[in-house]
Each structure stands twice: as C-alpha cells, then as structure tokens.
Amino acid sequence: MANPLNQTGFSAAVSLYLHVYGKSLPASQVGSDFLLLESPIPLTPGPAVVEVIIDGRSFQSPTQLLFADPSTGRVILSAMNLTPTLTPTDAPTDTPTDTPLIVANDLPDRVTA
C-alpha cells in the first residue's frame, strides 16, 4: 500500500537528530558538513553521530563536531556518509528481500524535516 500523505503534504516522515555527549538533539536541516539544531545550545568539539530517520528507517553517520554556534544552532561537522541501519523490526514485511534499500548516494545533499 502506498504511503498516505502526512499533514505537511509530503509522503515521507523525516526526523533528524544530532547524538552528542549522551544527548539526542532534534535538528531541522542537515547537509554534507553541517546541521541546524531546532533549539541552539552551546556544544564543544568532539565525536558525534547524525541520524536521519525516513519513514522509520534510520541512516546514521559517525562524525566529528567541529564548531557549534550557540546563537544560530548551526553546527559544523566533518564530512558525513549516511548509511542505513535497520533492525529486523524496521524491515518491511510486504516487500521482497531483494528490494534495494536507500543508500547514501540516493539521499539529497540537504534534507529538511
């Protein structure tokens, strides 16, 4: 069955998160080397993970947080490569197992929630 349109008029449900220092921070936009937090907070450089969830499928990229502007929420990151991470409960049950998953090259350069 096709995905019904959600309330925003788009067919895909998209969520973005920056996982850093034991926190999951919601984001509104992500690019190949930056991210915009929904609620700006001060952050120090260090390891991080960017997660994009599209219709329940999680794409994660380990990265380095290089700089965060606490006034704008803009976070500068090392270049990312978003790869799918599916658990058995995430896998669709009504599609053949040979159906290709979305890979990093299929994602646009910029995703907006």
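Residues are numbered from 1 along each chain as its sequence is written, and side-chain values use heavy atoms, with hydrogens and water left out. Because the model is predicted, local features need pLDDT of at least 70 and side-chain atom pairs count only at pLDDT 80 or more, whereas totals for chains, interfaces and linings use all residues.

View 1. The chain has 8 strands and 0 helices, a helix being a DSSP run of H or I with at least four residues. Of its 113 residues, 27% are buried, which means that they have under 20% relative accessible area with a 1.4 Å probe, counting protein chains only.

View 2. Strand β4, residues 46-54, pairs with strand β5, residues 57-68, in the antiparallel sense over 9 bridges; two strands count as paired if DSSP finds at least two bridges between them. Glycine 46 stands opposite leucine 65 in β5. The two strands form a hairpin with 2 residues between them, and aspartate 55 in the turn has a positive phi of about 50°.

**View 3. The hairpin of β5 and β6.** Strand β6, residues 74-77, pairs with β5 in the antiparallel sense over 3 bridges. This hairpin has 5 residues between the strands, and glycine 73 takes a positive phi near 85°.

Definitions and conventions:
Buried means under 20% relative accessible area, exposed over 50%, partly exposed in between (1.4 Å probe, protein chains only).
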